[in-house]
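Biologist: Can you put the model up and walk me through it? I will ask as we go.

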Amino acid sequence: QVQLVESGGGLVQPGGSLRLSCAASGRTFSNYAMGWFRQAPGKEREFVASISRSGDSTYYADSVKGRFTISGGNAKNTVYLEMNSLKPEDTAVYYCAADVFVVREARTIDYWGQGTQVTVSS
């Protein structure tokens, strides 16, 4: 089984930044696409960002494009989500995800992390 552990969440002011990390077990990143989802209370889990197995391609939700950056994966044992210019609307539990194919839809994900809380508030 693939194990994913998120960290780096917390409370931040609007306009601030956070860096989320997802540590994966063993040689996971050489075999899986990686990505991030988020879920606010009472809402469905939504896609945020992903990186291909090769690390050559990234994809972002329109709501975070230009503000968030996904990196890592490939030969690295950790995938990151750099979050800048944070807005209250970004408040959610953020989940790391791994999939043997692609990370795009929550219902098809093979492995999930436990989640880390991000709260953006003044």
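Modeller: Isoleucine 70 is a place to begin: it is buried, with a relative accessible area of 4%. Buried means under 20% relative accessible area, exposed means over 50%, and partly exposed is in between, using a 1.4 Å probe and protein chains only. This is a predicted model, where local features need pLDDT of at least 70, side-chain atom pairs count only at pLDDT 80 or more, and totals for chains, interfaces and linings use all residues. Residues are numbered from 1 along each chain as its sequence is written, and side-chain values use heavy atoms, with hydrogens and water left out.

Biologist: Where does isoleucine 70 lie?

Modeller: Isoleucine 70 lies in strand 7. Strands here are DSSP runs of E with at least two residues, numbered from the N terminus.

Biologist: And what is isoleucine 70 in contact with, leaving aside neighbours within four places in sequence?

Modeller: Its contacts include Met34, Trp36, Ile51, Tyr60, Val79 and Leu81. Contact means heavy atoms within 4.5 Å. Leucine 81 has isoleucine 70 on its own contact list, along with others including Leu20, Trp36, Phe68 and Tyr94.

Biologist: Which residues touch the most other members of the largest nonpolar core?

Modeller: That core has 36 residues, and Leu4, Met34, Trp36, Leu81, Met83 and Tyr94 touch the most other members. Strands 3, 4, 5, 7, 8, 9 and 11 each supply at least two residues of the core. The largest share, 5 residues, comes from strand 9. A nonpolar core is a set of buried Ala, Val, Leu, Ile, Met, Phe, Trp, Tyr and Cys residues joined through side-chain atoms within 4.5 Å.

Biologist: How many residues of strand 9 are buried?

Modeller: 7 of the 8 residues of strand 9 (residues 92-99) are buried, so strand 9 is largely enclosed by the rest of the structure.

Biologist: Which strands does it pair with, then?

Modeller: Strand 9 pairs with strand 4 in the antiparallel sense over 7 bridges. Strand 9 and strand 11 (residues 116-120) also run antiparallel, joined by 3 bridges. Strand 10 (residues 111-112) pairs with strand 9 over 2 bridges, again antiparallel. Two strands count as paired if DSSP finds at least two bridges between them.

Biologist: What stands opposite valine 93 in strand 11?

Modeller: Glutamine 117 does. Valine 93 is also the bridge partner of glutamine 39.

Biologist: Back to strand 7. What is the order of strands in the open sheet of 4 strands?

Modeller: The order is 1-3-8-7, with antiparallel pairing. Strand 1 (4-7) and strand 7 (68-72) are the edge strands, each pairing on one side only. Within that sheet, strand 3 (residues 18-24) and strand 8 (residues 78-83) pair over 6 bridges, and cysteine 22 stands opposite valine 79.

Biologist: Charges next. How many salt bridges are there in the whole structure?

Modeller: The search finds 6. A salt bridge is a side-chain nitrogen of Lys or Arg within 4 Å of a carboxyl oxygen of Asp or Glu. One of them joins glutamate 82 and arginine 19, at 2.7 Å from N to O. Glutamate 82 lies in strand 8 and arginine 19 in strand 3, so the pair ties together parts that are 63 residues apart in sequence.

Biologist: Is arginine 38 buried or exposed?

Modeller: Arginine 38 is buried, at a relative accessible area of 6%. It lies in strand 4 (residues 33-39).

Biologist: What do the side chains of arginine 38 and glutamate 46 meet in?

Modeller: A salt bridge, 2.8 Å from N to O. Glutamate 46 is partly exposed, with a relative accessible area of 37%. Aspartate 90 forms a salt bridge with arginine 38 as well, at 2.9 Å from N to O. Aspartate 90 lies in the loop between strand 8 and strand 9 and arginine 38 in strand 4, so this pair ties together parts that are 52 residues apart in sequence. Aspartate 90 and arginine 38 are both buried. Salt bridges with shared partners join Arg38, Glu46, Arg67 and Asp90 into one network.

Biologist: And which side chain does arginine 38 meet at 2.9 Å in a polar contact with a tyrosine?

Modeller: The side chain of tyrosine 94. A polar contact is a pair of N or O atoms within 3.5 Å; within protein, one must be able to donate a hydrogen and the other to accept it, and residues adjacent in sequence count only if both atoms are side-chain atoms.
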